[in-house]
Amino acid sequence: MPRKSKKYKVTTRTDEVIVLRRSRPRANFGTCPVCQRIAEFLPLDSAAARLQLGELEVIRLLHEKAIHAFETEDGQLLVCGGER
């Protein structure tokens, strides 16, 4: 008796993730609560790009107090652009 061959159906699913980034981050200006100067406030990634450093290097500068930052009510770290 001949053997029956088994047939399998393979289904694949593809998900796509799109990451959108603004080429120029929206500027936040105001009076810095640390140095009391009118300055631009930058998120960590934007500050690193502006200073041409890695984010860890910016954090090191913050710990050394070479630059300063503050945390907003919603927990976002903003680096003061009024110095350096």
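These are my notebook entries on a predicted model of one protein chain.

**Confidence**

I started with pLDDT. The chain averages 83, and 82% of its residues score at least 70. I then went element by element. Strand S1, residues 28-31, comes out with the lowest mean, 84. Helix H2, residues 55-63, has the highest, at 95.

Gln52 turned up with a phi of about 55 degrees. I placed Gln52 in the loop that joins helix H1 (44-51) to H2. Its relative accessible area is 73%, so I put Gln52 down as exposed.

Lys65 also turned up, with a positive phi of about 65 degrees, and Lys65 is no glycine either. This one sits in the loop between H2 and strand S3 (69-71). Lys65 has a relative accessible area of 73%, so it goes down as exposed too.

**Cysteines**

Which disulfides are there? My search of the whole structure found 0. I checked Cys32 anyway: Cys32 is in no disulfide, and the nearest cysteine sulfur belongs to Cys35, 3.8 Å away. I use a cut-off of 2.5 Å between the sulfur atoms.

Cys35 has a relative accessible area of 23%, so I noted Cys35 as partly exposed.

**Nonpolar cores**

Then I turned to the inside. In soluble globular proteins, nonpolar side chains tend to be buried together. Which residues make up the largest nonpolar core here? I listed 9: Leu42, Leu44, Ala47, Ala48, Val58, Leu61, Leu62, Ile67 and Val79. Sorting them by element, I found that H1 and H2 are the ones giving two or more residues to this core.

Leaving out residues up to four places away in sequence, Leu44 touches Glu55, Val58, Ile59 and Leu77.

Terms used. Residues are numbered from 1 along each chain as its sequence is written. This is a predicted model: local features need pLDDT of at least 70, side-chain atom pairs count only at pLDDT 80 or more; totals for chains, interfaces and linings use all residues. Side-chain values use heavy atoms; hydrogens and water are left out. pLDDT is the predictor's confidence in each residue, from 0 to 100. Helices (H or I, at least four residues) and strands (E, at least two) are DSSP runs, numbered from the N terminus. Buried means under 20% relative accessible area, exposed over 50%, partly exposed in between (1.4 Å probe, protein chains only). A nonpolar core is a set of buried Ala, Val, Leu, Ile, Met, Phe, Trp, Tyr and Cys residues joined through side-chain atoms within 4.5 Å. Contact means heavy atoms within 4.5 Å.
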